[in-house]
Amino acid sequence: MLTLALPKGRLAEESIELMLERGWLSGRPDPDSKELIFNDPKGKVRILLVRSQDVATYVEQNSADAGIVGWDVLLEGGYDLLLPLDLNIGKCRLSVAGPKGWSLSSGERKVRVATKYPNIAKDFFLKKGINCEVIKLYGSIELAPLVGLSDCIVDLVSTGGTLRANNLEEIEVIMESTARLVFNRSALYTKRVETGEFLDSFALTEKQL
């Protein structure tokens, strides 16, 4: 049995749909259940439902054989994982956003940036030649510029609805992100048959598309 770490929320739903299509699951986990571990009756896969930021850690530390995680999370964390496949789901972008009228050339000597992606944000502003102070937050990033905590934010954007609802606008896209299937290095050897079949089932379908 393979142990697979999935991020809670929309990406988990898209991932489960892929596994249903490929025959790895016989049914969906109960959406009303509070359980964080789902053992599929087929006996092929055990699913761990964790925070998106924690998926790579579970896989890297060998608590899961594989995981599905956003490219943004992988770049931010610099994890020691094998990245065999872009699943082309969970599409979004990591962008700089700020109050309407604010721009990267607004003239601040030091830009205050609120984000949960401090490494990516620092690298982006450094390459722009802009001095920045990064304020790390874990949620409600959009609130920061509204209350004067920051000048702008770096956060994931999908439809832009949350930005518009808070009178913010997207200023520049830093990177596009999709979900990646990642493997723990040792799992590829200790569970060579299972991991090989799992990877092949995803790769085959992608080629057919």
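In which sense do β2 and strand β3 pair, and over how many bridges? I found that β2 and β3 (residues 45-50) pair in the antiparallel sense, over 3 bridges, where two strands count as paired if DSSP finds at least two bridges between them. Within this pairing I noted that Asn-39 has Arg-46 in β3 as its bridge partner.

Before going on I recorded the conventions. The model is predicted, so that local features need pLDDT of at least 70 and side-chain atom pairs count only at pLDDT 80 or more, while totals for chains, interfaces and linings use all residues. Residues are numbered from 1 along each chain as its sequence is written, and side-chain values use heavy atoms, with hydrogens and water left out.

**Sheet.** I then followed the sheet as a whole: 6 strands form an open sheet in the order β2-β3-β1-β4-β11-β5, with mixed pairing. Because β2 (37-39) and β5 (82-86) stand at the edges with a single partner strand each, one side of each is left without a neighbour in the sheet. Neighbouring strands here are turned by 25° against each other on average, direction ignored; the axes are lines fitted to C-alpha atoms, for helices over the stretch in contact, and angles run from 0 to 180 degrees between N-to-C directions.

**Helix on the sheet.** I looked up helix α1 (residues 10-21) next, and it lies across β1 (2-7), β3, β4 (66-70) and β11 (179-183), running at about 145° to β1. In total the protein chain has 8 helices and 11 strands, taken as DSSP runs numbered from the N terminus (helices H or I, at least four residues; strands E, at least two).

**Chain totals.** The C-alpha trace spans about 60 × 35 × 30 Å along its principal axes. Of the 209 residues, 45% count as buried, meaning under 20% relative accessible area with a 1.4 Å probe and protein chains only. I also noted that residues 24 or more positions apart account for 66% of the contacts with a separation of 6 or more, contact meaning heavy atoms within 4.5 Å.

**Leu-81.** Last, I asked where Leu-81 sits, and found it in the loop between α3 (71-77) and β5. Leu-81 counts as buried because its relative accessibility is 7%. Leaving aside neighbours within four places in sequence, Leu-81 is in contact with Ala-56, Val-59, Glu-60, Leu-74, Val-182, Phe-183 and Arg-185. For the pair Leu-81 and Ala-56 I wrote down 25 residues of separation in sequence and 7.9 Å in space, C-alpha to C-alpha.

Definitions and conventions
Buried means under 20% relative accessible area, exposed over 50%, partly exposed in between (1.4 Å probe, protein chains only).
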